[in-house]
Amino acid sequence: MAEGTGTGTTGTTGADTPPVTPDVTTSVTAPITAEQLAAAKPVLQQGLLVDKAEASNAAAKLDAAADSGKLTLDVDAADALIKAVDAARDQVMDLWKRATDQLATPLQLGENPVAKAISARFSDLAVGEDSGAAKALLDLFKVLDDISNALSRNRDTIRDADEEAEKSMKNAGGSW
């Protein structure tokens with residue numbers, strides 16, 4: 001057995017077999033306190049705002065490049081890219097649909113005022129209109145949708161230009 005490879009055994013070829021992976025794994029999680037949550041929220045919100053601003057800025061630049069004709073892709077490459085962006089956009093929407101229902105479920109911490117306040121706070125962090133995780137997913141969906149639309153416009157412009165060039169060439173007696 002080679003040093004550091006676990007419980008592998010040597011066969012007739014002299015190669016080690018991979019170590020056996022256990023079927024059961026355990027993990028330990030520590031509950032988050034209300035103070036930790038309150039301390040983390042501004043940092044998380046700022047990170048979401050920065051990420052959203054960067055994604056929106058990138059989408060706006062892509063949109064402007066597509067509109068000005070500076071973005072050039074061949075039609076097949078554009079179709080492949082649009083398909084990939086649309087798939088990502090659809091995955092984000094599916095995640096949003098699943099997560100929103102799950103995240104909006106009140107925590108079952110009890111019926112006392114503190115438990116209700118904590119439950120409401122977690123719900124706001126999860127699905128709050130201005131800063132919740134669900135809102136961040138919707139924002140990402142919108143950015144991906146904008147990118148898909150810009151790419152589609154660019155592809156259509158290229159396709160129209162190619163068709164026009166082919167038509168002009170044929171009218172001039174050439175072949176395409």
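Tutor: Buried means under 20% relative accessible area, exposed means over 50%, and partly exposed lies in between, using a 1.4 Å probe and protein chains only. The model is predicted, so local features need pLDDT of at least 70 and side-chain atom pairs count only at pLDDT 80 or more, while totals for chains, interfaces and linings use all residues. Residues are numbered from 1 along each chain as its sequence is written, and side-chain values use heavy atoms, leaving out hydrogens and water.

A salt bridge is a side-chain nitrogen of Lys or Arg within 4 Å of a carboxyl oxygen of Asp or Glu. The whole structure holds 10 salt bridges.

Start with Asp156, whose side chain meets that of Arg155 in a salt bridge at 3.1 Å, N to O. Arg155 is buried, because its relative accessible area is 15%, whereas Asp156, at 32%, is partly exposed. Asp156 also forms a salt bridge with Arg159, with 3.8 Å between the closest N and O atoms. Both Arg159 and Asp156 lie in helix H4, three residues apart, about one turn of the helix. Helices here are DSSP runs of H or I with at least four residues, numbered from the N terminus. Arg159 is partly exposed, with a relative accessible area of 31%. A network of salt bridges links Asp79, Arg155, Asp156 and Arg159.

Helix H4 also contains Lys170 and Glu166, four residues apart, about one turn of the helix. Their salt bridge has its closest N and O atoms 3.1 Å apart. Glu166 counts as partly exposed, at 25% relative accessibility.

Conventions. Helix = DSSP H or I, 4+ residues; strand = E, 2+ residues; numbered from the N terminus.
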